[in-house]
Amino acid sequence: RSGPIGRIGLEEPQQRPLAEDLIIYPNPVTDRFSIKNLPTNAHQIIISDMTGRELSRFIPQEGGDYAIEGYPSGIYLIRVFDKLGDSIHSSLLQVF
């Protein structure tokens, strides 16, 4: 007996919103920066130095203001993560 073949255990991959339009400003920065166009699934922002050492963690807020007073001049990595811990954006931030 033959019948239609069903899809067993196969699901379409879900599209995850990416932070392609995310804007970090000002950049370069002295003591505070803001983020525009955060995706709705943004859960955490982590700032690391170029060796990978985590320096700060923030809860994302659209148009939020993030303080980085006391950071030495240099280049830092900003990463935005979703609730699953997947990175949805990364950028470099220059501090004067």
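The stops below follow the salt bridges.

Before you start: this is a predicted model, in which local features need pLDDT of at least 70 and side-chain atom pairs count only at pLDDT 80 or more, while totals for chains, interfaces and linings use all residues. Residues are numbered from 1 along each chain as its sequence is written, and side-chain values use heavy atoms, with hydrogens and water left out.

A salt bridge here is a side-chain nitrogen of Lys or Arg within 4 Å of a carboxyl oxygen of Asp or Glu. The count by this rule is four.

**Select R32 and D65.** Their side chains form a salt bridge, 2.6 Å from N to O. R32 lies in strand β2 (residues 32-36) and D65 in strand β5 (residues 65-67), so the pair links parts of the chain 33 residues apart. Strands are DSSP runs of E, at least two residues, numbered from the N terminus.

E69 sits in the loop between β5 and β6 (74-81), 37 residues from R32.

**Now colour by accessibility.** Buried means under 20% relative accessible area, exposed over 50%, partly exposed in between (1.4 Å probe, protein chains only). D65 is partly exposed at 43%. R32 is partly exposed too, at 33%.

**Move to D49 and R53.** What joins the side chains of D49 and R53? A salt bridge, 3.2 Å from N to O. D49 is buried at 13%, whereas R53 is exposed at 53%.

**Last, select R32, D65 and E69 together.** Salt bridges with shared partners join these three into one network.

Conventions. Helix = DSSP H or I, 4+ residues; strand = E, 2+ residues; numbered from the N terminus.
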